[in-house]
Amino acid sequence: MKSSSVFSPHSSFAWSIYHLNVFVLIAMGVILLLVSGLVLYASWRFRAIGGEGTPKPNFGNLRLELMYTILPAMLLAAIMVFTVRTMQSSDPPQGAHPDDVEVVGHQWWWEFRYPQAGFVTANEVHIPVDTPMLFGLGAADVIHDFWVPELGRKEDMIPGTHGRIWLAADRANTYSGACAEFCGVEHAWMRIRVIAQSKQEYASWLHQQQQTPALPASGEAAAGLNLFQQLSCANCHTIRGTGTSGTIGPDLTHLASRETLAAGRLNNTPDQLYLWLQQPDIYKPGSHMPNLHLTDMQLHSIVAYLETLR
Ligand code: CUA
């Protein structure tokens, strides 16, 4: 797994959140040290010695009361001003700006739609480096939360609403994120991979994703395509050009071009794809991907076909 920390910001949005975070952490650290220091000092300095009774309480110290009212109020005001400025610096645009990527949270995977380019992919989203991308956020079933700590804000995805965040990356790399709102048994396996690429690489990825893969004419892969169309795979998945249009599970049109399976649960290798198709209920218990009890031959054919979807 790639690193993923709020302490290594990689976009202007993440930097502004980082500065706020550090400011609040330092302020809180100073207060923590001051208060614990005073408590320790008072416990030692005014400890009971010999047979002294309860010490006399100190009422009505106006200066002290003003100090412990005004100082925290000033600090809270400073945090509020800093917070509002941070929010403004990463606010999504109001009005008619179109979304660059539409994200839909599902139990337990991510749908990424590229409305301008006209295709849909899953779990791994590509962005061009140094280019703020407007992400539209929605959910298909329950509340999820989109969070890639190094690149931008985190935001809840609430069914029936449309949220928005900016996401950008200052360096070509793979950034990981995850669902940050408990959404059911496989919440932990709802990983996000943001693959930030140079503008040329991104353009060629877009172009490749727009293509409709060629249908295998013969051999094991052709048998796999037949199985895919005839078994219940087609009820839930879409592979463009095959007459399938299921929308319950991820669009698999370019499955073989992805690095992971099942929202980060497995690596996308032929062996692991086989295991996933054989026993999805073992790797992701509770997932809507059913165990179809496929035979070894069926599994090999379907894997051979899916591997052609580059
Ligand atoms: Cu989706 Cu947690």
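Here are some friendly notes on the structure above, point by point.

1. Some ground rules come before the details. This is a predicted model, in which local features need pLDDT of at least 70 and side-chain atom pairs count only at pLDDT 80 or more, while totals for chains, interfaces and linings use all residues. Residues are numbered from 1 along each chain as its sequence is written, and side-chain values use heavy atoms, with hydrogens and water left out.

2. Let us begin with the sheet. Five strands form an open sheet in the order β4-β10-β9-β6-β7, with mixed pairing (two strands pair if DSSP finds at least two bridges between them). At its edges are β4 (124-128) and β7 (154-157), each pairing on one side only. Neighbouring strands are turned by 25 degrees against each other on average, direction ignored. Helices (H or I, at least four residues) and strands (E, at least two) are DSSP runs, numbered from the N terminus.

3. Within that sheet, β9 (residues 173-179) and β10 (residues 191-197) pair in the antiparallel sense over 6 bridges. A178 stands opposite R191 in β10. Helix α3 (residues 199-210) packs on the sheet, where α3 touches β4 and β10, and its direction makes about 135 degrees with that of β4.

4. Helix α8 (residues 296-306) deserves a look: L299, S301, I302, V303, Y305 and L306 are buried there (buried means under 20% relative accessible area, exposed over 50%, partly exposed in between, with a 1.4 Å probe and protein chains only). The cover over these buried residues includes α4 (219-230) and α6 (270-278).

5. How do α4 and α8 pack? Their axes are 7 Å apart, at an angle of about 100 degrees, which makes α4 roughly perpendicular to α8. (Axes are lines fitted to C-alpha atoms, for helices over the stretch in contact, and angles run from 0 to 180 degrees between N-to-C directions; under 35 degrees counts as roughly parallel, over 145 as roughly antiparallel, 65 to 115 as roughly perpendicular and the rest as oblique.) On the α4 side the contact is made by E220, A221, A223, G224, L225, L227 and F228, and on the α8 side by Q298, H300, S301, I302, A304 and Y305. By class, the contact of α4 with α8 has 8 nonpolar, 4 polar and 1 charged residues (Ala, Val, Leu, Ile, Met, Phe, Trp, Tyr, Cys and Pro count as nonpolar, Asp, Glu, Lys and Arg as charged, and the others, Gly among them, as polar).

6. R164 lies in strand β8 (residues 163-167) and counts as buried, at 15% relative accessibility. A polar atom of the R164 side chain lies 2.2 Å from the backbone oxygen of H97. Leaving aside neighbours within four places in sequence, R164 is in contact with residues including P92, P93, H97, D99, F135 and E155 (contact means heavy atoms within 4.5 Å).

7. The peptide bond from Q107 to W108 is cis, with omega near 0 degrees, and W108 is found in the loop between β1 (101-106) and β2 (109-114). N123, in the loop between β3 (119-122) and β4, has a positive phi near 65 degrees and counts as buried at 8% relative accessibility. H293, in the loop between α7 (280-283) and α8, has a positive phi near 50 degrees and is exposed, with a relative accessible area of 65%.

Notes. A polar contact is a pair of N or O atoms within 3.5 Å; within protein, one must be able to donate a hydrogen and the other to accept it, and residues adjacent in sequence count only if both atoms are side-chain atoms.
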